[in-house]
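Please read it beside the sequence and the structure.

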Amino acid sequence: LLSKEAPAAEPPDKYKMPESYAQIAARKPVIAYATPVLEADLRVWGPVALTLYGSSTALDTAWYVKVTDQKPDGTQAMVTRGILKASFREVDPSRSGPGQPFHPFEKQELLEPGKVYEFQIELTPMCYTFKKGHSLRVEIASEDIDYNSIHRQVDVLILPWPVENSIYHDAAHPSHLLLPVIPDAPEITPVKSPVADINWPAP
């Protein structure tokens, strides 16, 4: 569930590789979170980022994130996506902005297996309206069949198998999606122009 409410005491969600590859190959999500059915249109225009608290039993992993539009008939439409190699998680705050974490990619820092880290993952900026009756869905995995990815090659060659990744969403680890939501403009009552009441003399 994606909710505006802050998380409390919740267990992490876990998945293993290579078992999760079967779901990816079948075009099924490994882990997905969705909003309740929207009661009104939701306009999201601008930069988007996911703050994810996660851990891995491996020295490195990758986070593939997709935001999709879940339609009433159950089909999905891709809206935006992003990817981050866990060992290049460092962020330069002086060059970052809301929804735009800047990763210098200058220093690789391997993970300590089992330790929880914060990952700030930038997604492609979006200009999209989720319609009433639809849901916004976030999918998370460590591979993507649509990417010609070097991540899988590196992981298979140097990392022990199986690997278990965990995603945390509790009070101490509040994973969240930052969305630039454009609210409805307030209705404005038309004001009658005083010029309309002036009786101009006939020519």
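## Core and aromatic contacts

Apart from neighbours within four places in sequence, Ser135 is in contact (heavy atoms within 4.5 Å) with Thr35, Pro36, Val37, Leu38, Thr68, Asp69, Gln70 and Phe130. The model is predicted, so that local features need pLDDT of at least 70 and side-chain atom pairs count only at pLDDT 80 or more, while totals for chains, interfaces and linings use all residues. Residues are numbered from 1 along each chain as its sequence is written, and side-chain values use heavy atoms, with hydrogens and water left out.

Between Ser135 and Val37 the C-alpha to C-alpha distance is 5.0 Å, although 98 residues separate them in sequence. A polar atom of the Ser135 side chain lies 3.2 Å from the backbone oxygen of Thr35. Phe130 in turn touches residues including Leu38, Val67, Val79 and Leu136.

Rings of Phe, Tyr and Trp (its six-membered ring) pair if their centres lie within 6.5 Å, with planes under 30 degrees apart counted as stacked, over 60 as edge-to-face and the rest as tilted. By this rule there are 4 aromatic pairs, and two of them are tabulated here.

| Pair | Centre distance | Plane angle | Class |
|---|---|---|---|
| Phe88 and Phe105 | 6.2 Å | 55° | tilted |
| Tyr117 and Phe119 | 6.2 Å | 50° | tilted |

Tyr117 and Phe119 are both buried, meaning under 20% relative accessible area, where exposed is over 50% and partly exposed in between (1.4 Å probe, protein chains only). Ring pairs join Trp63, Tyr117 and Phe119 into a cluster.

Notes
Polar contact = N/O pair within 3.5 Å; in protein donor to acceptor, adjacent residues only side chain to side chain.
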